[in-house]
Amino acid sequence: MSVLGSRTNRLSTPHIESAHVVLSYRWMFLQSSRAYEKDISPFYNDLGIALVQWHCRGLGFESRRLHQLSRYFYIGRRPTRCGSPVPLSRRGVRRAASDLCLSWRSRLIRVNCRQVSAAPGRRLRPRQPVYRKAAVMPADLAIAALDWVPLAPRLIKEGYGDADSVWPGTLPSLLVRITAADGTVGYGEATTQTWYLGETRTQMESVLALYAQALQGRPADNIAGAHAAMLGSYAGAAPGGNAARAGVDMALHDLTGKALGVPAATLLGGRLRDRLDQLTNLYHATPEAMAEGARAFAAQGFKALKIKVGESLLAHGWSRAGLTAELAKLTAALDAVGPEIMIDADANQAWRNAGDAAAALRAFAGRPNLSIEQPLAYENYAGHAQLRRIAGLPVVLDEPVRAPDAVMQLIRAEACDRVVIKLNRVGGLYPSMRIATICEAAGIGVSVDTNPFTLLGDSASAQLASTIPTHYPVDCEGHVSFLTLAEGILSGGVSFADGRALVPQGPGLGVEVDWARAQAVAESAPIDSGRSAP
């Protein structure tokens, strides 16, 4: 006999109506917030049972009754007095939900349980509510406007802007803003390096104008749908526009996180850590300067260093003498720090030939903390796979990591042991998380780097890095060591203590933005004023 059908074990009407009301409202709430997905009944069962038990304990019900209620409680069914569960109709859901008042902002649930009498065999009908205020539903997050304003970061990194360097002296950067219909605002950063990523500020603005039209009226919390719309308007068939798309993606995560009151990391699946080991990039031109820089950052508590070993080769072309000079800088850095500090020797594609690279790396056998990053051209998957087999060192790939599909090809080619994610190269947090998931399943490590960003982009990088299961040191201090920005535009965000990065805990990206200050700086700087699209 059914538990509810037993005369001696029958649950009282308040028990039954409490369970029905809580479950009914949770179903309606998740439908209205567009969070309903496939095959989540087990989650609802567990959640519903927990909610009902919590409520019933508050009414003083004993443990035996709670156990009976838990056994009976299933999705899509409504209890009756006679004990036979019946399908839950849409009208029944609405009427039952009227007995629940949800305070959305404070997340407090209050249930109104009234004694209901019914003859045996008849369905229970919820009475009219006695509370004064209807349930508060999630706000309208339709995208009302997308606009942007240029930023004017000043590069301070060694090597950047030098006459004998390929790295730029200026950094095209835009502060992106998305405004929802209810007034909620999210901010992102579209930053690029023209030589490195093949984009300019004018191009990013043109792409943002297309994205503004494609996203008008779409729900800001449907981030996957927003990416589909952006790719449908630009670069859906070939790589392009990723820096602009990353800026929009960051703004969408920031806006949605603020609307829900959660950090962006929660939207990516949740933080696994609040503190991150750090990595920094070193571009010094001489072995002595490289050794000094390595010691300085190791003393600050950094756990990894990226030593640039392709600068002269990129500027003047490959030569044996140039390669020897680059290897001298690497040797100096390795000798300056202990084996507990990870060293990534980053050639930025400058070594070109797998055989020459393997011969050069033989001298570094027995260095367990050393990896070689992107020695060959970014499309040379076979060459990197060959180098990985014969060099005896882990191979890290950076420049070919542009999309989840590209990473799948790297894995199939067995070309690397780790990849580097840069948000503005892959298009934002959403594709980055897809890449990280693929790599984790394949046993490939994931590093997250600035490229370089202001505080806003670095905070987004920290949010991403905090969700990746296998933790490698993250470079999210570009706004400290790479560039400076006018004061008063950005505040909060990622911070640092004892050599580690502290992931922002506030909603969204955790960064406060003074839009008026950014506009004022843009008007006074030698760049164009902000552009907007309705």
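**Close-up views of cavities, cores and cysteines**

View 1. Rolling a probe the size of a water molecule over the atoms shows where empty space is left. The largest cavity has a volume of about 110 Å³, a volume being the space filled by probe spheres set on the points, which are joined across faces, edges and corners. Its lining is made up of 16 residues, where a lining residue has an atom within 4 Å of a point. Lying nearest the centre of the largest cavity are N281, Y283, K422, T450 and N451. By class, this lining has 6 nonpolar, 5 polar and 5 charged residues, with Ala, Val, Leu, Ile, Met, Phe, Trp, Tyr, Cys and Pro counted as nonpolar, Asp, Glu, Lys and Arg as charged, and the others, Gly among them, as polar.

As for the ground rules, this is a predicted model in which local features need pLDDT of at least 70 and side-chain atom pairs count only at pLDDT 80 or more, while totals for chains, interfaces and linings use all residues. Residues are numbered from 1 along each chain as its sequence is written, and side-chain values use heavy atoms, with hydrogens and water left out.

**View 2. The largest nonpolar core.** This core has 85 residues; a nonpolar core is a set of buried Ala, Val, Leu, Ile, Met, Phe, Trp, Tyr and Cys residues joined through side-chain atoms within 4.5 Å, and buried means under 20% relative accessible area with a 1.4 Å probe, protein chains only. L305, I307, L330, I343, W351 and L464 have the most contacts inside it. Helix α12 gives the largest share of this core, 7 residues. Apart from this core lies another, of 27 residues, including V176 and A259.

**View 3. L330 on its helix.** L330 lies in helix α12, residues 320-336 (a DSSP run of H or I, at least four residues, numbered from the N terminus). L330 is buried, at 0% relative accessible area. Beyond four places in sequence, L330 is in contact (heavy atoms within 4.5 Å) with I307, V309, I343, A345, F364 and L370. The C-alpha atoms of L330 and I343 are separated by 8.9 Å.

View 4. The whole structure has 0 disulfides, a disulfide being a pair of cysteine sulfur atoms within 2.5 Å. The closest cysteine sulfur to that of C416 is in C439, but at 6.9 Å the two are too far apart for a bond. Both are buried: C416 at 3% relative accessibility and C439 at 0%.

Definitions and conventions:
Helices (H or I, at least four residues) and strands (E, at least two) are DSSP runs, numbered from the N terminus. Buried means under 20% relative accessible area, exposed over 50%, partly exposed in between (1.4 Å probe, protein chains only). On a 1 Å grid over the protein atoms alone, a cavity is a set of points where a 1.4 Å probe fits but cannot get out, and a pocket is an open set with protein on both sides within 12 Å along at least five of seven lines; lining residues have an atom within 4 Å of a point.
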